[in-house]
Amino acid sequence: MKIISRSQWGARPAHSVQKVAVSDRRRFVVHYSAASPDQTPKAIQAYHMHTRGWADVGYNFLVNADGEIFEGRGWDVLGAHASGYNTESIGVCFIGRDRDAGPKVLAAVRWLYDEACRRTGRTLTRTGHRDLAATACPGDELHVWLRAGMPVDGPPPSPSPSRPAPGPAVPFPLPSGYYFGPKAGGDRSVSGYYRRTFKGKADRTWLAQWAGQLVRRGWPAGKGQRYLRRSGRDGIYGPEYQELIKAFQKDQGLRVDGLLGVQTWDAAYRNPIT
Ligand SMILES: [Zn+2]
């Protein structure tokens with residue numbers, strides 16, 4: 001494959017350039033533009049430089065829906081794509097939305113990854129932007145593909161919506177406008193602390209059941225696990241449940257408020273596993 005150079009696609013000169021040693025690169029971060037696949041690298045560069053006020057287009061490389069690779073900041077320049085991780089990572093942006101990335105795109109991104117590993121002499125950590133920040137980027141499909149090891153042989157991986165969430169969906173048990181939240185949150189904030197009953201079951205039973213659904217989806221939640229480490233699935237809302245709910249909301253691209261309302265509840269049953 002070849003990389004379309006900045007001069008070939010008519011890039012504007014960067015306002016400033018900060019070099020990064022190849023030995024500092026340890027990570028490969030995939031993004032999506034979350035906009036029309038027809039957007040050009042020039043348009044993205046203009047947006048980053050004029051609207052965002054950055055020195056240049058933020059990514060090290062961009063890949064369009066035809067699988068064409070465009071040089072952004074390139075291999076050895078500091079990007080602006082994943083706050084806190086720009087020095088250690090090469091950032092690649094797919095120009096398009098979730099589920100727009102076909103086999104040509106996957107092949108191009110994989111080629112860039114292999115090339116980055118070759119140039120750095122190490123196996124770079126494969127990361128989606130959402131693994132580093134509270135964002136839905138790079139969309140479920142690319143994220144699943146990254147987690148699967150970026151396979152390019154054979155048929156493309158089935159997009160995640162075709163994978164049903166395990167177990168039957170359980171409707172949100174609280175009245176409209178209510179949510180599972182802190183005990184000091186007022187009447188609509190159901191904590192499990194006051195032992196209220198909804199649809200025939202105790203509030204803590206419901207909250208524990210929702211956490212159990214996350215466990216079925218592969219989340220490490222329970223005594224001694226990453227989440228709910230100390231209290232386990234006791235169904236009483238506290239800092240540990242808040243942390244788990246926030247992490248799940250972030251993973252799903254939902255508003256991250258740590259409160260378990262109907263949207264977050266349903267996402268555990270309806271949304272694809274990521
Ligand atoms: Zn991103």
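A residue counts as buried if 20 or more other C-beta atoms lie within 10 Å of its own, as exposed if 12 or fewer do, and as partly exposed in between, with C-beta atoms placed from the backbone. By that rule Pro-220 is partly exposed, because 13 other C-beta atoms lie within 10 Å.

Before going on, the ground rules. The model is predicted, so local features need pLDDT of at least 70 and side-chain atom pairs count only at pLDDT 80 or more, while totals for chains, interfaces and linings use all residues. Residues are numbered from 1 along each chain as its sequence is written.

The domain assignment, which is automatic or from a database, divides the chain into domain 1 (3–162) and domain 2 (179–270). Taken over C-alpha atoms, their centres are 34 Å apart.

I'll start with the core. A nonpolar core here is a set of buried Ala, Val, Leu, Ile, Met, Phe, Trp, Tyr and Cys residues joined through C-beta atoms within 7 Å. In the largest one, which has 29 residues, the members that touch the most others are Leu-62, Val-63, Val-92, Phe-94 and Val-109. Strands S2 (27–32), S3 (61–63) and S5 (89–94) and helices H3 (103–120) and H4 (140–147) each supply at least two residues of this core. Helices (H or I, at least four residues) and strands (E, at least two) are DSSP runs, numbered from the N terminus. Which element gives the most to this core? H3 does, with seven residues.

Now H3 itself. At 1.5 Å a residue, its 18 residues should span 26 Å, and its end C-alpha atoms are 26 Å apart, which agrees; the expected span is 1.5 Å times one less than the number of residues. Its buried residues are Val-105, Leu-106, Ala-108, Val-109, Leu-112, Tyr-113 and Ala-116. Seen down the helix axis, they fall within an arc of 165 degrees, so they line one face of H3; the arc is that of the directions from the axis to the C-beta atoms. Exposed Pro-103 and Arg-118 are on the face turned away from the buried side. Just after the helix, Gly-121 has a positive phi of about 75 degrees.

Next, S2. Six of its six residues are buried, so the strand is largely enclosed by the rest of the structure. Arg-27, Val-29 and His-31 are on one side, and Phe-28, Val-30 and Tyr-32 on the other. S2 pairs with S5 in the parallel sense over six bridges, pairing meaning that DSSP finds at least two bridges between the strands. Phe-28 stands opposite Ile-90 in S5. Four bridges join S2 to S6 (125–128), also parallel, with Val-29 opposite Thr-127.

Turning to the second core, which is separate, there are 21 residues, including Val-190, Trp-210, Ala-221 and Leu-260. Just after H5, Gly-218 takes a positive phi of about 100 degrees.

That brings us back to Pro-220. Leaving aside neighbours within four places in sequence, Pro-220 is in contact (C-beta atoms, placed from the backbone, within 7 Å) with Gln-225, Arg-226 and Tyr-227. Its C-alpha atom is 32 Å from that of Leu-112, 108 residues away along the chain.

Note on methods
Contact = placed C-beta atoms within 7 Å.
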